Amino acid sequence: MTIPIRLTLNGKPHAIDLDDPRITLLDLLRERLGLTGAKKGCDRGQCGACTVLVDGKRINSCLQLAVSLDGAEVLTIEGLSEGDALHPVQAAFIAHDGFQCGFCTPGQIMSAVGLIREGKAGTDPERIREGMSGNICRCGAYAGILEAVKDASGRMEQREDAA
Amino acid sequence: MILFDYTRASTVADALAAGRQPGAAFLAAGTNLVDLMKGGVTNPERVIDITRLPGLSGIEAQADGSLRIGALVRNSDVADDPHVAKTFPMVAEALLAGASAQLRNAATVGGNLMQRTRCQYFTDAISPCNKRQPGSGCAALGHATRIHAVQGWSEQCIATHPSDFCVPLAALDASVEIEGQGGTRSVRLTDFHLLPGDHPERETVLEPGELITALTLPAEAARFAGNARYLKVRDRTSYAFAVVSAAAAMILDGGKIGQARLAFGGLALKPWRVTEAEGALAGKAPSPEAYAEAARIALDGAKPTGEANAFKIELARRVAVRALTLAAAGTPARLPALPASPFGIV
């Protein structure tokens, strides 16, 4: 028996027939929809590599059963840039060397986008570190990640001020 | 994860009927349940998705001054609610000291109360564990028990309850609204979780099929808003369970403590409220001596399960003194960058 669900994925509506209620959002994205940006690190909600936005909020996609998200709006790293124009957080990760191996990077970037949307950390390094603590980087690129998030956060705040 | 039947409940009545079937589990965000299912720690045959139930997702100030928080409200939405932050600040501080931003965005109020212990012998799904498999024994006792209980434990189970949120809730006399076949009932949070005794497999007062629908903070709890703090000592500065934590609050009246509240996390299989220590603070001037005396009383009767966790008793005394000291200094207008951390600036 299949269970039909609908998702808006990176702005586009999708109708999906799930043949197994155990499929997590992460597995749906990676194995069924070909979106391999979100990574499977621990698969247990401890590392943050699978972070995506659901209804505008960052969550661990490895712990969400896809069947339970019927009707949700999902944004993954693949939906972040506008054509070739990188999202400010993506650009900042490159400018500040916010990665080494890159495995955790999609999760770090989606988490940073969520953090900036939450609007509580601003450019305060301590609040950014605390706000990003759900994303582990085993290369230890934290110094670059912090600078990238701080820079992007500042730029995006300015952009909002101007708007 | 073993295969299960999935049902999406659209009314509370549907959920209650489905939840009474054998092997049923309610699914809210799943941040704990799905994790345990992946590890084979719990293997429900039926998963009842309650995320669409109407009327469980609001935070409402009641006419009598109490605050009702629906069971499906996300942890981050409780912590960020302006009324909660202003009126029950240590509830917000405790929530923000727990888990990660991603988990807080998903995890619900009811799920937080229902989360299982992180005892490593429970979560490994292999070791003997009376909680997971009644009668199989306790692999923790006599082994690696640095994180285990020093209050209220039994020979059958020495695990602790992992919640931060529940600690200030216990201190503030919160109550849990429960819906069942017989109607609605209300249970004090301090009575909701059960100590292990001879039946560690029974963790709460919920009967099979009963559902948490809301949490209520009484109007009286708002009187502590000006002097209320949560302090959490953990193995790393963020994203770790408490080794020991404390919620401390007081009402200051003419230079004296009118009333005090004190509860601990990390000490027992439930949030550990210490009303005798609270009583000892009443009428005293806020002072290091008064806090030390209260901390001494609070840990009366504490007993480690072995050498590994004996340190928790003295640590808990010190956490209590520091939390009371911070509470007396006044709730900060804005939470520190590192909520509840001893390394915070405030």
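This is a predicted model: local features need pLDDT of at least 70, side-chain atom pairs count only at pLDDT 80 or more; totals for chains, interfaces and linings use all residues.
**Entry 1. Confidence**

I began with the scores of the predictor. The complex receives an ipTM of 0.97 and a pTM of 0.98. I then went through the elements of chain B. Helix α4 (residues 82-87) of chain B has the lowest mean pLDDT, 96, and helix α9 (residues 166-171) of chain B has the highest, 99.

**Entry 2. Domains of chain A**

I turned next to the division of chain A. The assignment gives domain 1 (3-79) and domain 2 (88-162) of chain A. I found their C-alpha centres 22 Å apart. Between them, 15 residues of domain 1 of chain A are in contact with 13 residues of domain 2 of chain A. On the domain 1 side of this contact, the elements that give two or more residues are β3 and β4 of chain A. The largest share, three residues, comes from β3(A). I sorted that side by class and recorded seven nonpolar, five polar and three charged residues.

**Entry 3. The hairpin of β3(A) and β4(A)**

Strand β3 (residues 51-54) of chain A pairs with β4(A) in the antiparallel sense, over four bridges. Val52(A) stands opposite Ile59(A), which belongs to β4(A). The hairpin has two residues between its strands. There I noted that Asp55(A) takes a positive phi near 50°.

**Entry 4. Helix α1 of chain A**

Which residues of helix α1 (residues 25-32) of chain A are buried? I listed Leu25(A), Leu26(A), Leu28(A) and Leu29(A). Just after α1(A), I found another positive phi, of about 70°, at Gly34(A).

**Entry 5. Where chain A meets chain B**

I then examined the contact between the chains. Here 27 residues of chain A are in contact with 22 residues of chain B. On the side of chain A, β4 (57-60), α3 (105-118) and α4 (125-131) each supply at least two residues. I classed the residues of this side of chain A as seven nonpolar, 11 polar and nine charged. I also recalled that β4 of chain A gives two or more residues to the side of domain 1 that touches domain 2 of chain A.

**Entry 6. Domains of chain B**

For chain B, the domain assignment gives domain 1 (5-52) and domain 2 (223-329). The centres of these domains of chain B, taken over C-alpha atoms, are separated by 36 Å.

**Entry 7. The hairpin of β6(B) and β7(B)**

I followed strand β6 (residues 175-180) of chain B into its partner. β6(B) and β7(B) pair in the antiparallel sense over six bridges, and they form a hairpin with two residues between them. Within this pairing, Ile178(B) has Arg185(B) in β7(B) as its bridge partner. Does β7(B) lie largely in the open or is it buried? I counted zero buried residues among the six of strand β7 (residues 183-188) of chain B, so this strand lies largely in the open.

**Entry 8. The sheet of chain B**

I traced an open sheet of four strands in chain B, in the order β9-β10-β11-β12, with antiparallel pairing. Its edge strands are β9 (228-234) and β12 (272-273) of chain B, each of which pairs on one side only. Seven bridges join β9(B) to strand β10 (residues 242-253) of chain B. In this pair, Lys232(B) stands opposite Ser245(B) of β10(B).

I then looked for helices on the sheet. Helix α5 (residues 89-96) of chain B packs on the sheet and touches β9 and β10 of chain B. The direction of α5(B) makes about 20° with that of β9(B). Helix α13 (residues 311-329) of chain B also packs on the sheet, touching β9, β10 and β11 (256-265) of chain B. The direction of α13(B) makes about 35° with that of β10(B).

**Entry 9. Val233(B)**

Why does Val233(B) count as buried? I found 21 other C-beta atoms within 10 Å of Val233(B), and the cut-off for a buried residue is 20 or more. Leaving aside residues up to four places away in sequence, I listed its contacts as Ala242(B), Val243(B), Val244(B), Ser245(B), Leu315(B), Val319(B) and Pro342(B). I also checked Ile257(B), which is 24 residues from Val233(B) along the chain. The C-alpha atoms of Val233(B) and Ile257(B) are separated by 25 Å.

Definitions and conventions
Residues are numbered from 1 along each chain as its sequence is written. Chains are lettered from A and ligands numbered from 1 in the order in which they are written. Two strands pair if DSSP finds at least two bridges between them. Two residues are in contact if their C-beta atoms, placed from the backbone, lie within 7 Å. Axes are lines fitted to C-alpha atoms, for helices over the stretch in contact, and angles run from 0 to 180 degrees between N-to-C directions. Ala, Val, Leu, Ile, Met, Phe, Trp, Tyr, Cys and Pro count as nonpolar, Asp, Glu, Lys and Arg as charged, and the others, Gly among them, as polar. pLDDT is the predictor's confidence in each residue, from 0 to 100. Domain bounds come from an automatic or database domain assignment. A residue is buried if 20 or more other C-beta atoms lie within 10 Å of its own, exposed if 12 or fewer, and partly exposed in between; C-beta atoms are placed from the backbone.
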